[in-house]
Amino acid sequence: MDLFDRQLIFVVGKGGVGKTTVACSLALAAGRAGKKVLLCEVDGLSRAAQLLGVDAAEPGRAGRMVDGVSVMGIEGSAALAEYLGMVVPVRRFLQAVTQSELYQYFVAAASGLKELMTIGKIWYEAQRTDERGGGRQWDVVIVDAPATGHGLQYLRMPSAARDAFGAGLVRREAEKVVALLSDPKRTAIHLVTTAEEMPVNETVTMARRVREELRMPLGALFVNRLHTEQFRPADIDALLAAARSSRQRDTKLLLSEVASRAAEESGWTRLNKRYLRELERDVPIPRVELPFVFSEEFGRQQLLELVDQIEAAE
Amino acid sequence: MSAGSRKSIADVVAGHDVVVCAGSGGVGKTTTAAAIGLLGATAGRRTIVLTIDPAKRLADSLGIAELGNRPTPVPVDVKGSLSAMMLDQKGAWDALVERYAESDEVRQRIFANAFYQNLSGTFAGSQEYMAIEQLSQLKESGDYDLIVVDTPPTHHALDFLDAPSRLGNFLDRRVMRWFVRPYMSAGWSGLRVVNRTAGALLRRLEDATGVSALADVSEFFNAMSALFEGWDERVKRVEELLRSRQSAFLLVATPEEQVLSEAEYFCSKVEEHSIALRGVVFNRVQSELGSDRQSMEEDAIVEALGRAVTSAATRRRLARNFLRYETQARGDQLRIESFRDQLSPAVAVATIPNFEEDLHDVRGLRRLQDFLGKPG
Ligand SMILES: Nc1ncnc2c1ncn2[C@@H]1O[C@H](COP(=O)(O)OP(=O)(O)OP(=O)(O)O)[C@@H](O)[C@H]1O
Ligand SMILES: Nc1ncnc2c1ncn2[C@@H]1O[C@H](COP(=O)(O)OP(=O)(O)OP(=O)(O)O)[C@@H](O)[C@H]1O
Ligand SMILES: [Mg+2]
Ligand SMILES: [Mg+2]
């Protein structure tokens, strides 16, 4: 599977399924493979920087590169201001504009403008050339997109802008962005989900919309937080029976607790399996299965376990 | 404060007429709201749950999968009654337009207006606002003793609180009047009065980008001026309802670090909104089973399992599985404890385990409901 052999990769999925975790793991795996990686965080929470253990730079600026990965926070208003800086080069005027109430109306009214600018900024980074080397600045730009509905809105903006706006600067630029986003050789949209009811339903819809409405190239489906252990009911029953007949209080408790954890894990594994089958049937794209990593606190060490899995899949 | 020394969520529900469930995306707001509804109905109250985007199977079992945008009785055996209703955002805006547009022609123009389509679909705060708008309609109907309000999936739980005033501000800023005045609505000329420099530059921007946003806004506000005249009043009424003693805010959170830090921020801000936080629901918590056994060595556990399970490999797997869960549980517990410590003693708390089954039917909701009744 080629999971990061693209110029631009979007990681999308329902809230909380592990988009940031997967985007970080992908970035580390690509970095290990010797690539220069830019990881873009769009939702403004700097969780990725935190997970990777680097300081977050100010919005729109690439942070220091560590292990081949540099993190950038992208924020709609900052991207818009940056863009306006190019269109309206006179700083004094620019400030008058962005600080006026009118500007707030403009941005709110042209809803989608911020999203458009965000995607524009991502496009700019993805095709940007390295001033010294002459090659591309980044081998791969990985985008940790906001949760589903909103995430797709970002992806939709360039073609919406191209179709809706009259001839103008935005239209011409939108066309270039659309060309990159819909080119399967250069771009991939990776989906992330867990094998549970709501995320799976949303993923099925999302896959269809990416294909049919957005007409963008789907990459792989990451199924995250999978439970895999399955214990035989007979073993669990035997534990419970032993717990009942044991006369020592500590042993009694231990046996019943081990049994209940075994039943719990088996339950999750069964549930995950059921939804994995649904995904197999309804989202027929290459799949990467990532285990639930148990820990007191999910951090860099847990992340590295997932990186190993991704390298194995790649 | 130790576990069990606080009021239960059920106590809070019993003492209020409106219960709002807020929290970050995906933490279980919709599920909790449904369970609270069931709790109220079981206690004999005429209850309605105003839900947003429920899992399809939950919607099915509540009977609101189709035509859910009006109160629909839920077939459950309870002392009171339970209805559910889905927030239909687009439909609600359209209904407002239907009501306030002065002619068919104006109505059609609004429906076709690009700004309206954005406003009703994706405009920040509009979904939250419509939830609150529908809440006040339900309240005024007098048909219910208890209204449980689910909130839209936002990254920030606070968005819900901000929505009415944010939308109110947006619609009420002084500048907006320029849009509404017919003689000023010819486009940019009116705006120059407000800010010459900005007006001129934005006009250039509009030319360059091909976005005709402000013309759309202007048209929209003209057509809808009847609606917006009463807007201030409505926003104020709704805010008063949310702030009154009849309403309780509950925060739903999972024991993950980023969710809890978001929750912490929420708690620190509710006061600024003059809204009292009445309870916190910790959802999907891995509970600790026995604090003295979780520090046992793997080998010791394997040995203790000796007589019960014959396969050595299975014993090893069982022991590892047990310890993995206990590790996870310890983390959850530590994070929750440090969060609880900062809550005022008056705030009720419930801890709901992470069930290894879907909670998409009344039976599942009942399981959850039991935990809402335990003292925090
Ligand atoms: N494989 C895994 N095993 C165990 N825990 C995981 C795993 N993947 C993610 N998590 C945990 O799940 C939670 C959500 O993950 P993450 O922040 O990556 O999701 P997200 O989709 O980016 O969320 P959001 O929509 O809020 O941005 C985090 O607490 C993370 O540590
Ligand atoms: N305690 C629990 N144990 C197991 N599963 C749960 C629990 N609570 C909620 N879930 C499941 O988690 C999923 C998300 O729950 P829910 O829809 O209530 O979250 P939400 O906060 O409303 O999400 P959103 O922000 O997307 O609206 C559902 O599939 C639900 O069944
Ligand atoms: Mg994230
Ligand atoms: Mg919900």
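Me: A polar contact is a pair of N or O atoms within 3.5 Å; within protein, one must be able to donate a hydrogen and the other to accept it, and residues adjacent in sequence count only if both atoms are side-chain atoms. What makes the pair between Arg225(A) and ligand 1 a polar contact?

Reply: A polar side-chain atom of Arg225(A) lies 2.6 Å from an oxygen atom of ligand 1. That value is within 3.5 Å, so the pair counts. This is a predicted model: local features need pLDDT of at least 70, side-chain atom pairs count only at pLDDT 80 or more, and totals for chains, interfaces and linings use all residues. Residues are numbered from 1 along each chain as its sequence is written, chains are lettered from A and ligands numbered from 1 in the order in which they are written, and side-chain values use heavy atoms, with hydrogens and water left out.

Me: How far from ligand 1 are the polar atoms of Lys19(A) and Pro291(A)?

Reply: For Lys19(A), a polar side-chain atom is 2.7 Å from a ligand oxygen. For Pro291(A), a backbone N or O atom is 2.9 Å from a nitrogen atom of ligand 1. On its own ligand 1 exposes 630 Å², and the protein buries 91% of that (Shrake-Rupley method, 1.4 Å probe; for residues, only the protein chains shown count as cover).

Me: Which residues come nearest to ligand 1, and which element gives the most to its shell?

Reply: Ligand 1 lies between chains A and B. It has 20 residues around it, with Lys19(A), Thr20(A), Thr21(A), Arg225(A) and Val293(A) nearest (a residue is near if one of its heavy atoms lies within 4 Å). Helix α1 (19-32) and strand β6 (218-226) of chain A each give two or more residues, and α1(A) gives the most, with three.

Me: Where does ligand 2 lie, and which polar atoms are found beside it?

Reply: Ligand 2 lies between chains A and B. A polar side-chain atom of Lys14(A) is 3.0 Å from a ligand oxygen, a polar backbone atom of Gly28(B) is 2.8 Å from one, and a polar side-chain atom of Thr31(B) is 2.4 Å from one. In its shell α2(B) has the largest share, three residues.

Me: Why are α2(B) and α18(B) called roughly perpendicular?

Reply: Their axes come within 9 Å and cross at roughly 80 degrees. Axes are lines fitted to C-alpha atoms, for helices over the stretch in contact, and angles run from 0 to 180 degrees between N-to-C directions. Angles under 35 degrees count as roughly parallel, over 145 as roughly antiparallel, 65 to 115 as roughly perpendicular and the rest as oblique. The two helices are therefore roughly perpendicular to each other.

Me: What is the arrangement of α15(B) and α17(B), and how do you know?

Reply: The axes of α15 (residues 257-270) and α17 (residues 312-340) of chain B come within 11 Å and cross at roughly 5 degrees. That makes α15(B) roughly parallel to α17(B). On the α15(B) side the contact uses Glu257(B), Leu260(B), Ala263(B), Glu264(B) and Cys267(B), and on the α17(B) side Arg335(B), Ile336(B) and Phe339(B).

Conventions: Helix = DSSP H or I, 4+ residues; strand = E, 2+ residues; numbered from the N terminus. Contact = heavy atoms within 4.5 Å.
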